[in-house]
Amino acid sequence: MAIIKKFRITTFKKQINKILLKNISLSYNKRQVLEDISLSFREGEICGLLGPNGVGKSTLFNIIVGLIKPDYGNVSINGKNVTNIPIYERALNFKLSIVPQSGGVFSELTCVNNLIAVGQVTHKDKNLINFKVEKMVSKFSLDAVKNLKAKYLSGGQRKKLCIAMALMSDPKIILMDEPFQGLDIMSTKDLQETITNLQTEDSTRCCIISDHAARDLLAICDRAIILANKKIIAEGSPSELMNNKNAKQIYFGDAFKLS
Ligand SMILES: Nc1ncnc2c1ncn2[C@@H]1O[C@H](COP(=O)(O)OP(=O)(O)O)[C@@H](O)[C@H]1O
Ligand SMILES: [Mg+2]
């Protein structure tokens with residue numbers, strides 16, 4: 001896989017934290033999944049959240065958006081403690097969007113009506129909503145299926161619709177949970193370009209993307225964090241991670257190469 005990103009943020013002039021997690025712990029039915037996790041996601045970066053299946057990536061995303069409350073620890077967005085703030089307030093006040101790992105669309109609505117439905121939450125002007133819907137349909141090559149109910153879309157098309165829906169609100173923070181899952185090679189490349197363009201269009205936007213396999217994600221992120229065994233085991237630029245002993249031993253293995 002070729003490296004898609006033309007530049008990488010290697011030093012952040014001002015490291016402004018968009019999201020700060022402090023000492024997060026969470027158990028499901030007494031089984032601990034996350035233990036004392038502290039980390040930040042910064043303004044302007046594309047940050048990868050990597051880790052094997054079942055390690056807690058989706059759980060961490062759900063904690064950030066407010067679907068799950070951690071047992072311990074705090075979540076701050078733009079410097080404000082939001083641990084007790086509900087999902088919709090986080091979404092609206094901080095322009096936070098999520099592309100969930102599965103679901104995320106209204107199956108009985110057409111693509112266009114799915115886009116309109118989420119557009120109406122954040123925008124009042126009908127013309128603006130219609131303009132944005134057309135833009136998304138074209139950006140994600142959904143023209144041929146725009147009037148099809150979402151339940152009839154292929155997995156990849158549904159994923160694209162989900163991402164388009166998340167972008168309708170012009171998010172300042174966007175979390176994508178395994179967006180490459182189920183995409184074919186060309187669609188993967190298109191999505192990688194779409195994500196890097198999100199950064200170019202708005203240099204203060206923060207994109208956080210999870211993936212259980214590293215290659216598609218490391219090609220586009222400035223920084224990545226690896227979760228394993230309830231903890232963060234490594235953090236850094238893709239090349240730093242490739243040389244990280246912990247990351248190699250616990251996550252990548254010896255044979256893994258970036259290109
Ligand atoms: N609601 C739940 N109840 C009990 N266990 C759960 C629940 N959600 C997730 N888990 C478990 O927590 C672990 C982490 O899940 P998840 O965050 O979905 O991992 P990942 O996204 O990294 O694959 C997994 O072992 C999963 O089975
Ligand atoms: Mg997951």
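Figure 1. Lys95 is partly exposed, because 17 other C-beta atoms lie within 10 Å of its own, a count between the limits of 12 or fewer for exposed and 20 or more for buried. The model shown here and in the other views is predicted. Lys95 sits in the loop that runs between helix 2 (87-93) and strand 6 (96-99). Its phi is positive, near 50°, and Lys95 is a residue other than glycine. Most residues other than glycine have a negative phi.

**Figure 2. Asp170 in the loop between helix 5 and strand 7.** Helix 5 covers residues 155-167 and strand 7 covers 173-177, with Asp170 in the loop between them. Asp170 has a positive phi of about 50°, although it is not a glycine. With 14 other C-beta atoms within 10 Å, Asp170 counts as partly exposed.

Figure 3. Strand 1 and strand 4 run antiparallel and are joined by 5 bridges. In one of the pairs between them, Ser25 has Tyr72 of strand 4 as its bridge partner.

Figure 4. Ser76 is placed opposite Asn81 of strand 5, and Ile77 is placed opposite Lys80 of strand 5. The hairpin has 2 residues between its strands, and Asn78 in this hairpin takes a positive phi near 50°.

**Figure 5. The shell around ligand 1.** Which residues surround ligand 1? They are Tyr28, Asn29, Val33, Gly51, Asn53, Gly54, Val55, Gly56, Lys57, Ser58 and Thr59. Helix 1 gives the largest share of this shell, 3 residues. By type, the shell consists of 3 nonpolar, 7 polar and 1 charged residues.

**Figure 6. Phe41 and its contacts.** Phe41 belongs to strand 2. Is Phe41 buried or exposed? Phe41 counts as buried because it has 22 C-beta neighbours inside 10 Å, and the limit for a buried residue is 20 or more. Apart from neighbours within four places in sequence, Phe41 is in contact with Lys18, Ile19, Cys47, Cys206 and Ile208. Leu142 is 101 residues from Phe41 along the chain, and the C-alpha atoms of the two are separated by 31 Å.

**Figure 7. The setting of the close-ups in the whole protein.** The secondary structure of the protein comprises 9 helices and 10 strands. Its radius of gyration is 18 Å, close to the 18 Å given by the globule rule for 259 residues, so the protein is as compact as a globular protein of that length. The C-alpha trace spans about 50 × 45 × 40 Å along its principal axes. Of the 259 residues, 39% are buried. Among contacts between residues at least 6 apart in sequence, 65% join residues at least 24 apart.

Terms used: Residues numbered from 1 in each chain as written. Chains lettered and ligands numbered in written order. Predicted model: local features only at pLDDT ≥ 70, side-chain atom pairs only at ≥ 80, totals over all residues. Pairing = 2+ DSSP bridges. Helix = DSSP H or I, 4+ residues; strand = E, 2+ residues; numbered from the N terminus. Near = placed C-beta within 6 Å. Nonpolar A, V, L, I, M, F, W, Y, C, P; charged D, E, K, R; others polar. Rg over C-alpha atoms; globule rule 2.2 N^0.38 Å. Contact = placed C-beta atoms within 7 Å.
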